[in-house]
Amino acid sequence: MKKIFFLLFSLIFISCGDKKSEPFGKATDETLVDQTEVAVDPTLALGEDLFNGVGLCKTCHLPDKKVIGPSIVEIATIYKEKGGNMVEFLKENAEPIVDPTQYEVMKTNFAVTKTLSDEELKALETYMYSFLK
Ligand code: HEC
């Protein structure tokens, strides 16, 4: 069920665009009711907000397709496999382990991520890990 949720959620998310504040609660379908429950996990919700909002991460990181940056799934998979620390990476305290050749592009975002609290960075990490199957 979780797998389906994340897939569906990504889709809904993309299709809703800026209208994402529209409550999912309108749906009567059982699957969508499930989504509402998961979406209120505060850490995940915060991570999602930051990722798509102030962090602008969405511009370069799509769920499972490489655009300017590696996909969220690719990053989360590699971090999990290698036991990487995303929070430290986003504070510029840890070396890139996904695509060091493109590190300069990602580096420009530290201006934003360094203004975030540990809690907010952890929320971003939680959100990115939530895409793993
Ligand atoms: C301008 C495009 C761009 C934006 C915006 C962007 N990234 Fe990236 N990101 C990249 C590129 C390119 C890479 C690949 C280079 C690398 O691995 O460091 C990357 C890599 C990463 C990695 C893997 C780093 C590693 O260990 O190699 C993480 C984690 C990441 N981004 C998180 C984020 C988060 C969180 C945000 C929002 C705060 C964000 N990115 C915004 C382009 C971007």
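Glu125 sits in helix α8, which spans residues 118-129; helices here are DSSP runs of H or I with at least four residues, strands are runs of E with at least two, and both are numbered from the N terminus. Glu125 is buried, with a relative accessible area of 15%. The terms work like this: buried is under 20% relative accessible area, exposed is over 50%, and partly exposed is in between, using a 1.4 Å probe and protein chains only. This is a predicted model, in which local features need pLDDT of at least 70 and side-chain atom pairs count only at pLDDT 80 or more, while totals for chains, interfaces and linings use all residues. Residues are numbered from 1 along each chain as its sequence is written, and side-chain values use heavy atoms, with hydrogens and water left out.

**Around Glu125**

- Setting aside neighbours within four places in sequence, Glu125 touches Met86 and Val87, where contact means heavy atoms within 4.5 Å.
- Glu125 and Thr43 are 82 residues apart in sequence, and their C-alpha atoms are 9.6 Å apart in space.

**The chain as a whole**

- The protein chain has eight helices and zero strands, giving the pattern α-α-α-α-α-α-α-α along the sequence.
- Of its 133 residues, 33% count as buried.
- Among contacts in the protein chain with a separation of 6 or more, 51% come from residues 24 or more positions apart.
- The protein chain exposes about 8100 Å², with carbon and sulfur atoms supplying 59% of that area; accessible areas come from the Shrake-Rupley method with a 1.4 Å probe, and for residues only the protein chains shown count as cover.

**The iron site**

- His61 (NE2) and Met106 (SD) coordinate the iron atom of the ligand at 2.0 to 2.1 Å.
- His61 lies in the loop between α3 (42-52) and α4 (72-82) and Met106 in helix α6 (residues 103-107), so the pair ties together parts that are 45 residues apart in sequence.
- Donors are N, O and S atoms within 2.8 Å of the metal (3.2 Å for Na, K and Ca), and sites may look incomplete because water is not among the atoms.
- The arrangement is octahedral because the six donor atoms around the iron atom of the ligand subtend angles of 86 to 180 degrees.
- Six donors count as octahedral if opposite donors are over 155 degrees apart and all others between 65 and 115.
- For comparison, ideal angles for six octahedral donors are 90 or 180 degrees.
- His61 counts as buried, at 10% relative accessibility.

**Salt bridges**

- The structure holds four salt bridges, each being a side-chain nitrogen of Lys or Arg within 4 Å of a carboxyl oxygen of Asp or Glu.
- Asp118 pairs with Lys91, and their closest N and O atoms are 3.1 Å apart.
- That pair links distant parts of the chain, with Asp118 in helix α8 and Lys91 in the loop between α5 and α6, 27 residues apart.
- Both partners are partly exposed, Asp118 at 41% relative accessibility and Lys91 at 25%.
- Glu92 bridges to Lys114, with the closest N and O atoms 2.7 Å apart.
- This second pair also links distant parts of the chain: Glu92 is in the loop between α5 and α6, and Lys114 is in the loop between α7 (110-113) and α8, 22 residues apart.
- Lys114 is partly exposed, with a relative accessible area of 48%.
- Lys107 and Glu104 form a salt bridge whose closest N and O atoms are 3.9 Å apart.
- Lys107 and Glu104 are three residues apart in helix α6, so about one helical turn separates them.
- Lys107 is partly exposed at 30%, whereas Glu104 counts as exposed at 54%.
- Salt bridges with shared partners join Glu88, Lys91 and Asp118 into one network.

**Backbone and surface details**

- Most residues other than glycine have a negative phi.
- Leu56 has a positive phi of about 55 degrees although it is not a glycine; Leu56 lies in the loop between α3 and α4 and is exposed, at 57% relative accessible area.
- Glu92 likewise has a positive phi, near 65 degrees, and is partly exposed at 31%.
- Val67, Ile68 and Val105 form a nonpolar surface patch with about 230 Å² of accessible area together, and Ile68 is in the loop between α3 and α4.
- Patches are made of residues with over 30% relative accessible area and no salt bridge, with like charges joined within 9 Å and nonpolar side chains (Val, Leu, Ile, Met, Phe, Trp, Tyr) within 5 Å.

Note on methods. Four donors count as tetrahedral if all angles lie between 85 and 135 degrees; four count as square planar and six as octahedral if opposite donors are over 155 degrees apart and all others between 65 and 115; anything else is irregular.
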